[in-house]
Amino acid sequence: MLGHVIPLLLVSATLAAEVSDWKTGDVTGEVVEGRKDFPCYSLSRDNYTCSACIQLHDSCAWCGAPLFDAKKQYARCDNRARLLEHGCPESYIEDPQTILEVEKDEPLSDKGQVENEDDAVQLKPQEMFVEIRPKSRVRFNVTYRQAVDYPVDLYYLMDLSYSMKDDKQKLSELGDLLAVRMRNITKNFRLGFGSFIDKKLMPFIDPRIEKQKSPCAEPCAEPYGFKHQMTLTTNTEKFKAEVDKAEISGNLDAPEGGFDAVVQALACNSKIGWRERARKMVVFSTDAGFHFAGDGRLAGVVEPNDGECHLDRDGYYTETLNQDYPSIALLHQMIKDRKANIIFAVTKGNHELYTQLSESLPDVSSSVGILETDSRNIVDLIEGEYLKISEKIIMVDNANASDGLKITYRSMCLDGTTLRDTNVCEGIRVGDEVQFEVTLEATHCVEKRDFVLRIGPSGLDETLIVNVKVLCDCDCEQEDRIVENAEECHGGDMVCGVCRCKGGNVGRYCECNRPGMSTAALNEKCKRTNESAICEGRGVCNCGRCECNPRQNPEEQISGEFCECDNFNCPRHDRKICAEHGECNCGQCICAPGWTGRACECPISQDSCMSANGKICNGKGECICGRCRCFDGPDGNRYSGAKCEICPTCPTKCIEYKPCVMCQQWGTGPYDEERCAECPFKVIPVEELPELNETTACQFVDPADDCTFYYLYYYDEATDNATVWVREHKDCPPPVPVLAIVLGVIAGIVILGLILLLVWKLLTVLHDRAEYAKFNNERLMAKWDTINRVNVAVLLRFALKDSLITLAQVRLLAATVRRMVSSTELSPIEKAKRQAAYTCAEKNITNGCRLGVGSGSTVKYLVEYLEVSVKSGKLQNIVCVPTSFLTKKWLLDAGLPVTDLDGTPELDVCIDGADEVVDSHFTCIKGGGGCLAREKIVQHAAKKFFVIADSSKESVNLGEHYNHIPIEVLPFAASSVMRSLPRTEGGTVQLRMATKKCGPVITDNNNYIIDWAFEKNKPRDWKEIQLRLANTPGIVETGLFIGVVDKVYFAYPDGMT
């Protein structure tokens, strides 16, 4: 049946698959975008054609318009946007697009969906069509799911040399058991048998005639290379008979000719009886090594093994004496091409050798198992190694890098979170679904354009067929679109807008008659260097000579042999070419007299650097290019300004003049009268300092009276004279208020002490109140501890005698007193469980409520609350439906109305405990008490479902605290379920045994309880598992409660709920 067709035209768009898209089964595809800024214009002129352009990169397009580059040297090979921008008409653009179409996408088979398991679909999609450009990549996903009872053909190849005599006997005995064990895995199983010895040639056998006929220590058959004993069949009795009938033989050297046997078993498809749609298994059993290609030369056999079928009517290999042993490469190719799986069952001494052989067979499903000396473990070995192979999926393909096609894989396998670069997934069980993200890349073009790729799991015949067409050619290069003898091409042909010259003509338009030279060779003559552009990109190469392009501005000219010179690309100064002080010649300025510099910006004269003191740059710098470049002084001072006249870091003469000002004006300071008389100036006292240009103001504090004085000076560098003005009066600070400061400090200390005293008093009062409250609480608790049953009874009798309260109130008082007395004996967690039960009940149970009551230690506090509330009149007209015998007893002892679902089929609320609660959806495990089926039935009848549990039942992942899931099963089905459950779901199972009687636990429904200990730390879809378990014959119900809890009330030891 043909599948539906899904065309996906993916043009430069990425439909990236999110993690959430996985496991949906939908076929998605995308074109993986490459570099958008790829320089397509860099296409070599040696092969400047449309096909070369589109093969350069997947973003490159070609403009085939004839006159596209006639006026401006635009590149014909560029990206589509730039070609349109440069004026290429849309109809002339060659830009092939990648197309991906899903032609067949039948859904994966479910159990029972197909009549014949041979027709089961394990891989989707089944067929695709891809048109792909070179350097382009497409990505799509392939889904695999192992079908139930998928056919298995197992061909047993046995070494029947003399050392394997006891192994042959054991295989004959275990043939039926092997078939039974394999049919537990798949009902569609067939078994075949063949044997091998070695080539009947020296030096592999004894040359003596009698030893050739019977090479063993006791009578045995003649040696042979390979014999096909039994075609694949479901008749296990025939397998046992054929193994018994097979004859033992022998040879001289230790290695055997097993490779000949493997190749013939795979090559002779019809004689062996391989089915096309089946998992082909070859079991290779031996206690020795193997011969391989080249060993036959020792016996004079030089013809290579051809890998073809050579069996006669009796099943013997006819070319054993003519062809060499197969090579490991041929063995690998045969296994891969036939989609076979091979199990090497070898003795312990050969395990390492065959492990190396298995590792030398990449992308092939193979494994190595250790065989006991008499093959007694052969059944367990085959079953175990088969499961290893069947649970490991290796995606393989026939893409060849030499054909320009490359395939890579990524997958999340069963992890579901991390996408890794791999073509291998392990741990795949029947029904598991795994997706692979496949990326197909066309790396380059070859002569062939159409390919058929096959992608699928190693060891299975099911493949995805991908018909690939590589787009290496342009439509404009077809014969019917070529303009022959075009006038523009001087007799040449116009192909995709460019000329294809004939005869001896070459050139862009075939205008040059240069026999023996190509257009590319002529273009090379127009390059200044090998790396240069033609005519430096500023001219046209005409028959090997450059013709420079004219400029819009007639004053601007391009010149030179290669158009390398011009008069407008010289250095500029103030945005002017050569500062208008010279002429531009081929990129360099030729300066006018009196000017120098790269852009003629520097005058030769130094007049512009002369300072007022007649020194160049004030003697503090040098004149460079008409400007001063100032020095840094040796004392660290830095000069600046147009002529280096400014020095902001230089010290002033304020400090130098300070002693003279102090001694002359006020008679203070370090100078005495003699030293004061030597000062180079006389101060000028003034009332206020004048405001004068080029003067410096100074101020200092006189240590004699702590007053500040001010003066002003002017220094003439030319005459080295100073003029100093000093203000006559000083600025003195007011006297310090010592008394006020002392009084303020004292007041602050007193106030701070009072504040600290008040704070201490407040803290003391608060502490005393807390201690008093604690004391009262402990006194009350001690009071309740002293109450005993006798005192309560006496109290009640006096109350009745005096008619103080009613009988109902007396019973309520007695129950309340008992609970208050017993509450002091509860542990913190039990108190919290009681609080959780009370809180849940108070919030959710109202008058007239139809209540489902669950099971467990927390539920007894719910019953306690109901008893008190009903007897006190707080709750009225409620009815209870219990989930277990014990809960029913509690309710009846408390005097509460009890019914069942026959009388009350619909409930308002159900409250129950739990063994473990996880995640935001409150997924629960219940059934530790064996009441899971009735608990789930009562929960289903209720509109609201609440769970009360202590904090030890709260988990992040299922199984952290409660490591098994209870499952209620029919007694008749218990053994069947216990065998099948570990195989389908993993983990271990155990029948729950009773503790106070002999035998298993019996539920209220007269069923058994199986505890399934599942594997931890493994992601699971619990909804899918619940569905599979519920559909298993014999399973009544499971302890998984998924998506049904409305709210959970947790009890914590600190009293929080």
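A pocket, as the term is used here, is an open set of grid points with protein on both sides within 12 Å along at least five of seven lines, and its lining residues have an atom within 4 Å of a point. The structure discussed is a predicted model.

## The second largest pocket

The second largest pocket has 50 lining residues, and those nearest its centre are Arg45, Tyr48, Thr519, Asn523 and Ile534. Its volume is about 1300 Å³. Strand 23, helix 11 (519–525) and strand 26 (539–542) are the elements that each give two or more residues to this lining. Helix 11 makes the largest contribution, with five residues. By residue class, the lining of the second largest pocket comprises 22 nonpolar, 16 polar and twelve charged residues.

## Backbone geometry

Most residues other than glycine have a negative phi, and most peptide bonds are trans.

One runs from Lys124 to Pro125, with omega near -5°. Pro125 belongs to the loop that connects strand 7 (123–124) with strand 8 (127–132). Another cis bond runs from Met202 to Pro203, with omega near 5°. The loop that holds Pro203 lies between strand 11 (189–196) and helix 4 (209–213).

For Cys496, which is not a glycine, phi is near 55°. This residue sits in the loop between strand 22 (493–495) and strand 23 (498–500). Cys496 is classed as buried because its relative accessibility is 6%, under the 20% limit for that class. Arg575, likewise not a glycine, has a phi of about 65°. Its loop joins strand 30 (572–573) to strand 31 (576–577). With a relative accessible area of 79%, Arg575 is exposed, since the exposed class begins over 50%.

Ser51 is part of helix 1 (residues 50–56). Its relative accessible area is 16%, and Ser51 is therefore buried. Apart from neighbours within four places in sequence, Ser51 contacts Cys472, Asp473, Cys474 and Glu477. The C-alpha atoms of Ser51 and Glu477 are 8.1 Å apart in space, although 426 residues separate the two in sequence.

His332 lies in helix 8 (residues 328–337). A relative accessibility of 14% places His332 among the buried residues.

## Salt bridges

Side chains of opposite charge can pair when their charged atoms come close. In this model the count is 45 salt bridges.

| Pair | N to O distance |
|---|---|
| Arg638 and Asp632 | 3.4 Å |
| Asp702 and Lys730 | 2.7 Å |
| Lys953 and Asp950 | 3.9 Å |

The salt bridge between Asp702 and Lys730, at 2.7 Å, links distant parts of the chain, its two residues being 28 residues apart. Asp702 is in strand 39 (residues 696–702), whereas Lys730 is in the loop between strand 41 (721–727) and helix 14 (738–786).

In the remaining pair of the table, the salt bridge of Lys953 with Asp950, the partners fall into separate classes. Lys953 is partly exposed, with a relative accessible area of 21%, and Asp950 is buried at 8% relative accessibility.

Technical notes: Residues are numbered from 1 along each chain as its sequence is written. This is a predicted model: local features need pLDDT of at least 70, side-chain atom pairs count only at pLDDT 80 or more; totals for chains, interfaces and linings use all residues. Side-chain values use heavy atoms; hydrogens and water are left out. Helices (H or I, at least four residues) and strands (E, at least two) are DSSP runs, numbered from the N terminus. Buried means under 20% relative accessible area, exposed over 50%, partly exposed in between (1.4 Å probe, protein chains only). Contact means heavy atoms within 4.5 Å. A salt bridge is a side-chain nitrogen of Lys or Arg within 4 Å of a carboxyl oxygen of Asp or Glu. On a 1 Å grid over the protein atoms alone, a cavity is a set of points where a 1.4 Å probe fits but cannot get out, and a pocket is an open set with protein on both sides within 12 Å along at least five of seven lines; lining residues have an atom within 4 Å of a point. Grid points are joined across faces, edges and corners, and a volume is the space filled by probe spheres set on the points. Ala, Val, Leu, Ile, Met, Phe, Trp, Tyr, Cys and Pro count as nonpolar, Asp, Glu, Lys and Arg as charged, and the others, Gly among them, as polar.
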